[in-house]
Structures are given as C-alpha cells and as structure tokens.
Amino acid sequence: MQFDFGRGGGPAHVTIDRERCTACGLCVRACQGGPIYLAEAEVRVDPSRLFGCIGCGQCMTVCPADCVTVTGRDLSPSDLLELPRSDASAGYTALYSLLVARRSVREYRDQVVPPEVINQITRAASTAPMGIPPSEVGVLVFAGRDKVQAFRNELLRELEGMRWMFSPAALWLMRPFMSRESYRSLKAFVVPVIDAYVEYDRQGVDAFFYRAPVALYWYGSPYADPADPYIAATYAMLAAESLGLGSCLLGFPGYAIKYSRRLKSKYGLPRRLQPGIVMVLGYPAFRHARAIRRRFAEAREV
Ligand SMILES: Cc1cc2nc3c(=O)[nH]c(=O)nc-3n(C[C@H](O)[C@H](O)[C@H](O)COP(=O)(O)O)c2cc1C
C-alpha cells in the first residue's frame with residue numbers, strides 16, 4: 001500500500017549512485033524492512049515494499065560513500081548537516097544535570113526573551129522524533145506579554161463558554177458514557193481548575209499563563225501521532241532550560257482551541273487538529289535550591 005498522507009504527500013524517492021555504491025549494506029540495516037534491500041550483492045530499491053519510503057533520511061546519513069539520495073516528503077539532500085563535533089555533545093552527566101534541575105516555572109522576571117533565543121528553542125525542538133516524518137507539528141509563537149495575555153484572555157473566555165458542559169446536570173447525563181477515571185478527573189480536577197482560573201482572573205491573578213513573556217502553542221495535524229506535539233514541547237523545555245530560561249507546560253489550552261472554530265480561524269490554524277500543548281516560558285523569577293527525586297509508577301524488569 002502506498003503511503004500518501006500528511007504534509008509529505010506520497011512516498012519519497014530513493015536513488016543509489018551505482019558508480020560509488022560498495023554494497024556495504026549499511027543503508028539496508030538503517031532502513032530495516034523498508035524499500036531498500038540487498039539482493040545479489042547489490043543495494044536495490046523497491047518502492048512497493050511495505051508503504052514505500054517515509055523519508056526518514058537515515059540511508060543518506062549512514063552511507064559512507066555518500067551515494068544515497070532521498071527526495072520527497074519534505075526531505076532532500078540539502079537537509080544533510082555536518083555532525084557536531086563529539087566534544088560539543090552533552091554526555092550523560094551534563095544531560096542528567098539539566099534534566100534533574102528543571103522545574104516547571106510559574107513566576108517570571110519582567111525581562112524580554114530575545115527573538116533569537118526563541119528561535120534557538122524552536123530549532124532545537126525541531127530535532128524531536130516524530131511518529132512518521134515529516135513532522136506534522138506546528139508551533140504558534142506568542143512573543144511579548146501583551147500578545148501572550150491577549151491569547152490567554154481568549155482561551156479563558158473559551159473555557160468559560162465550555163463550562164456548562166461540566167455542570168452537574170451535564171456530567172450526570174454523560175456519566176454512563178464515561179470511564180470512572182474520566183468522570184472523576186472531570187469532576188475533581190477539570191471543573192475546579194477552570195473555576196479557579198476564572199476566579200483568580202477576577203482577582204487580577206494570572207494562575208493560567210503565569211504572566212509569562214512568551215507562549216508557544218504546539219499542535220499536531222490530524223495525521224500526527226497525538227504524542228508528537230508533546231515530544232516537541234518537551235524538547236523545547238529542555239532547550240529553554242539550557243539557555244537559562246524556565247518553562248511550564250499547560251494542558252488545558254489545547255482542548256479549548258481544538259473545540260473552538262473561532263480561535264482556530266483567528267489564529268489561522270487548521271480546522272482539524274490534535275490539541276497539543278501550550279508551553280509558557282521566560283526568565284525564572286527565582287531559582288530552586290534543591291532538585292527532587294521522581295519515580296515512575298512502575299519500572300521493573302520482566
Ligand atoms: C501534559 C502536561 C500538562 C501540564 N499542564 C499544566 C497546567 O495546565 N498548569 C500548570 O501549572 N502545570 C502544568 N503542567 C506541569 C506539571 O504540573 C508539572 O510537571 C508538575 O507540577 C511537576 O513539576 P516539575 O515539572 O517541576 O517536576 C503540565 C505538565 C504536563 C506534562
């Protein structure tokens with residue numbers, strides 16, 4: 001079956017420069033069951049295998065003779081980059097230090113985040129893995145407190161407008177169609193949080209976007225894996241941390257946007273999208289003196 005959905009259109013095209021190919025087979029090992037295979041000591045390409053080439057580009061990056069070309073699905077040889085020097089990469093200790101020190105930041109200094117710093121963050125996040133390339137993730141950048149606050153106010157109005165869906169009567173009607181966990185989470189978490197956002201707002205407190213100077217809204221097209229925007233946002237959080245910024249993910253806005261035609265139209269978003277997530281960021285107002293040990297619900301060898 002041909003692979004023809006999403007931004008990439010149809011499958012990508014792979015060509016091998018036979019003059020230079022030594023049939024070492026590294027591209028085949030990187031491709032693993034895709035359209036590239038070895039037969040009679042020759043690398044061959046069969047676009048009908050599986051769903052054709054998804055354009056991951058690994059055959060190009062692994063080839064020692066530089067003789068593989070992939071074009072299509074938003075990829076071309078001009079996307080190949082020199083690898084950073086190995087002494088410029090973070091080892092485990094440096095990476096773990098960054099990870100363990102990161103906190104969700106909910107108070108920001110009144111300091112502008114320069115556009116080039118925002119670009120560094122989105123550039124780093126664009127390296128995030130995605131379900132199927134090319135990335136189906138989009139990001140809207142709200143730079144400056146005024147723009148962030150305007151966005152926040154729109155979302156709050158939208159959430160207020162949705163509040164009736166979570167009234168006791170509506171919840172009672174929906175109850176038979178919901179899992180126990182969803183019902184409890186709506187009643188004990190979603191409803192009180194929306195009410196608190198609105199109530200704090202009346203008191204002039206921004207408990208929703210924390211008066212952050214920048215907000216990035218990561219969303220996915222209907223072709224995206226629902227995790228794609230979250231993975232990109234997580235990469236962005238770590239990039240922000242490495243640049244001395246703090247950030248916080250906000251789960252509610254994505255749903256307000258997904259179900260609001262008005263907001264999608266206002267911000268030029270696709271009519272159908274995966275809700276994704278908002279990340280607010282800025283220079284943290286204070287530093288944490290300690291880190292926290294976290295545990296997974298389960299981590300066991302089987
Ligand atoms: C998917 C997701 C949604 C989140 N939504 C919110 C949110 O709406 N508001 C908020 O203040 N924090 C939000 N957070 C941040 C978490 O509350 C935070 O990770 C948690 O407090 C642990 O703190 P830490 O990140 O400093 O370890 C979210 C985090 C994730 C992963």
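**The ligand, the sheet and the helices**

Modeller: Let us begin with the ligand: the residues of the shell around the ligand comprise five nonpolar, two polar and two charged ones. Please keep in mind that this is a predicted model.

Colleague: Which element gives the largest share of the shell around the ligand?

Modeller: The shell consists of R103, S104, R106, C248, L249, L250, G251, F252 and I277. The strand β7 covers residues 246-250, and C248, L249 and L250 belong to the shell. The largest share, three residues, therefore comes from β7.

Colleague: In which order do the four strands of the open sheet stand?

Modeller: The pairing in this sheet is antiparallel. Its edge strands, each of which pairs on one side only, are β5 (137-143) and β7 (246-250). Neighbouring strands are turned against each other by 20° on average, direction ignored. The order is β5-β6-β8-β7.

Colleague: Which residue is the bridge partner of L250 in β8?

Modeller: Strand β8 spans residues 274-282 and pairs with β7 in the antiparallel sense over five bridges. L250 is also one of the residues around the ligand. Its bridge partner in β8 is V278.

Colleague: What angle does the direction of helix α8 make with that of β8?

Modeller: Helix α8, residues 228-242, packs on the sheet. It touches β5, β6, β7 and β8. Its direction makes an angle with that of β8 of about 10°.

Colleague: Across which strands does helix α5 lie?

Modeller: Helix α5 is formed by residues 145-162. It runs at about 120° to β5. The strands that α5 lies across are β5 and β6 (214-220).

Colleague: Is the crossing of α4 with α8 left-handed or right-handed?

Modeller: Helices α4 and α8 pack with their axes 8 Å apart, at an angle of about 135°. They are therefore oblique to each other. As for the sense in which α4 passes α8, the crossing is right-handed.

Colleague: How many residues in the contact of α4 with α8 are nonpolar?

Modeller: Q120, I121, T122, A124 and A125 of α4 take part in this contact. A232, Y235, A236, A239 and A240 are the residues from α8. None of these residues is charged and two are polar. The number of nonpolar residues is eight.

Colleague: Where is the cis peptide bond that involves P134?

Modeller: P134 lies in the loop between α4 (115-125) and β5. The omega angle of the cis bond is about -5°. This bond joins P133 and P134.

Colleague: Which residue takes a positive phi in the hairpin of β2 and β3?

Modeller: Strands β2 and β3 (residues 42-45) pair in the antiparallel sense over four bridges, and L38 stands opposite V43 in β3. The hairpin has two residues between the strands. The residue with a positive phi near 50° there is E40.

Colleague: What is the phi of Q32?

Modeller: Q32 is found in the loop between α1 (26-31) and β2 (36-39). Q32 is not a glycine, although its phi is positive. The value is about 50°.

Key. Residues numbered from 1 in each chain as written. Predicted model: local features only at pLDDT ≥ 70, side-chain atom pairs only at ≥ 80, totals over all residues. Pairing = 2+ DSSP bridges. Axes fitted to C-alpha atoms, helices over the stretch in contact; angles between N-to-C directions. Contact = placed C-beta atoms within 7 Å. Near = placed C-beta within 6 Å. Nonpolar A, V, L, I, M, F, W, Y, C, P; charged D, E, K, R; others polar. Parallel < 35°, antiparallel > 145°, perpendicular 65-115°, else oblique. Left-handed = near helix turned anticlockwise from the far one by under 90°.
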